[in-house]
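This report is written for a reader who is meeting the structure for the first time. Please look over the sequence and the model before reading on.

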Amino acid sequence: MPKKELLLDLVDLSVHSAGGRIRELNLSAGRGSLLLISAEDHRRLASLFRVIKGLNQPLDGGVSYRGERIGLVLAEDELPDYSTPRQELALYGSLNGLAMPELLAQLSRWDLEGIHHLACRFLSPYEKEALLIAMETAAQPELLLCEEPLAGLTPKQCLRMLEELRHYAAEHLVIIGTVQPDHYPKDLPRISLEHQTPGREFSQAWVRQTSPAQSGSFAAKEPPDSASLIQESVPAESLPPETMPPESGSVRPVRTRNPAKTKHRPIPQPGLDAGIGPGQPVTVRIRLPVDPDTDYQLRRISEIKYFQPSPDHSGYEVDILEADREQLPQLLKGRGLVMEPAEEEQA
C-alpha cells in the first residue's frame, strides 16, 4: 500500500489546560486516517485542539501542519436558539467565502433537508452536531478536529455519524476527541492523554505512529455494537421546563423530549420566512403512527409549518398552507409515509 501523505506532526508538544497540563505529546498522522484521542477531562482535549488549530500557543514543542485549512467542532459549540440553519449557513458562507449552494449540498449529505427554516432550539442533538460538522467540512479542510461527535445521539444516529466521519477521513484526516473512548469502535487507532495511568508505560500512552496499513483499514471494519454507543436516556418527565446554557468549558447538555408532548415547530410569524408564500395555514388531521421515526420525517417537509400528535394519539394535527393542502399526500409519500384511509380530516 502506498505511503499516505503526512499532514500533521506534533513534536514534544506541551499544552496548558485547566483540566491538567499536556506534556511532550508526539503524534504523526497522514491523509486517509481517522484517529481517536481520549482524556479524562474534556478541557484537555479542547485546549489541544485549539493549539493545533492555531488559536492558542503551546507551552513548548512544535506543531507542523502541511494543509491549508483546519475544521474545528468543539463540544462547547452552540447554535443560537432563535437563529435558523439558513441564517447560520449564510453567516458562515460570508465569513469563509462559500456560496449557499455549496453549503446546502452539505445538508443533503448529512440528511438535513428541510430543517433550514426551523429555529435552532427545535433541532435534535444529531441535527445540531451534523449541522456544525457540515459547515466546517463545506470548505473541505484537510484536517477535521471533532470533540464528542456522538454525545447525546441514539445508536442509529451514532452509526450514521461514524459512517460520515469515516467517509470524510478517506480523503482527509479526522481526529476525534472524547472522554468516553469505549463508545467508539475498537478498530480506531487511539491515543490516551492519561500517561500516568497505573500499569501503562509513558510511551504507550503518549506516542502513536499511524502506519499506512492502519489508516487504510477503517472502511472495511464492522460498525460497533449499538449497546456500546449510548447510555440510557433520562425520562422526559424528569427534565426541567427549560435547559440552562452550559457553563463555560463544559460539554453541552443533551435533552430528551417526549414526542407526544412536544410541539415540534412554532407557527411562523408573517414576514419571518420568505418561503411561506401567500395564503393562510389550515389545520389538517392525518392518521400516521405517532413515533420518533414519523416525527423525524414530518420535520423535513418544509411545507408543514407546525405539527403535534392529535389528542387521541391516532395521528397528527399539521398546519399547512391552503395552497399546499392538496399535495400533502404526495409530500408524505416522498418521505416514505403512507396515510391510512379516511384521512385528511380538517381539525
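## Basis

This is a predicted model, in which local features need pLDDT of at least 70 and side-chain atom pairs count only at pLDDT 80 or more, while totals for chains, interfaces and linings use all residues. Residues are numbered from 1 along each chain as its sequence is written, and side-chain values use heavy atoms, with hydrogens and water left out.

## The chain as a whole

The chain has 9 helices and 13 strands; helices (H or I, at least four residues) and strands (E, at least two) are DSSP runs, numbered from the N terminus. Of its 347 residues, 45% count as buried, where buried means under 20% relative accessible area, exposed means over 50%, and partly exposed lies in between, with a 1.4 Å probe and protein chains only. The accessible surface of the chain comes to about 17,600 Å², and carbon and sulfur atoms hold 50% of that area; the areas come from the Shrake-Rupley method with a 1.4 Å probe, and for residues only the protein chains shown count as cover. Among contacts (heavy atoms within 4.5 Å) with a separation of 6 or more, 73% are between residues 24 or more positions apart.

A nonpolar core is a set of buried Ala, Val, Leu, Ile, Met, Phe, Trp, Tyr and Cys residues joined through side-chain atoms within 4.5 Å. The largest such core has 38 residues, and those that touch the most other members are Trp-110, Leu-112, Leu-131, Ile-133, Met-161, Leu-165 and Val-174. At least two core residues come from each of β3 (33–38), α2, α3 (100–109), α4 (125–137), β6 (143–147), α5 and β7. Which element gives the most to this core? The answer is α4, with 7 residues. Apart from this core lies another one, of 27 residues, which includes Leu-8, Leu-27, Leu-35 and Ala-39.

Helix α4 has 13 residues and reaches 18 Å from its first C-alpha to its last, close to the 18 Å expected at 1.5 Å a residue, the expected span being 1.5 Å times one less than the number of residues. Because 11 of its 13 residues are buried, α4 is largely enclosed by the rest of the structure. The buried residues of α4, among them Tyr-126, Glu-127, Ala-130 and Leu-131, pack against β5, α2, α3, β6 and α5. Leu-112, when residues up to four places away in sequence are not counted, touches Leu-107, Tyr-126, Glu-127, Ala-130, Leu-131 and Arg-300.

## Salt bridges

Side chains of opposite charge can pair when their charged atoms come close. A salt bridge is a side-chain nitrogen of Lys or Arg within 4 Å of a carboxyl oxygen of Asp or Glu, and a search of the whole structure finds 7 of them.

| Salt bridge | Closest N and O atoms |
|---|---|
| Glu-76 and Arg-50 | 2.3 Å |
| Asp-187 and Arg-166 | 3.3 Å |
| Arg-285 and Glu-317 | 3.0 Å |

Glu-76 lies in the loop between β5 (70–73) and α2 (85–96) and Arg-50 in helix α1 (residues 42–53), so this pair ties together parts that are 26 residues apart in sequence. Glu-76 is partly exposed, with a relative accessible area of 29%.

Asp-187 lies in the loop between β7 (173–178) and β8 (190–192), whereas Arg-166 is in helix α5 (residues 155–169), so the pair ties together parts that are 21 residues apart in sequence. Asp-187 counts as partly exposed at 21% relative accessibility, while Arg-166 counts as buried at 17%.

The pair of Arg-285, in strand β10 (residues 281–286), and Glu-317, in strand β12 (residues 316–321), links distant parts of the chain, 32 residues apart. Arg-285 is partly exposed at 29% relative accessibility, and Glu-317 is buried, with a relative accessible area of 14%.

Ser-310 has its place in the loop between β11 (304–309) and β12. Is Ser-310 buried or exposed? Ser-310 is buried, with a relative accessible area of 1%. Leaving aside neighbours within four places in sequence, Ser-310 is in contact with Arg-285, Gly-315, Tyr-316 and Glu-317.

Arg-23, in strand β2 (residues 22–30), counts as partly exposed at 44% relative accessibility. Arg-23 and Asp-12 are 11 residues apart in sequence, and their C-alpha atoms are 7.3 Å apart in space.
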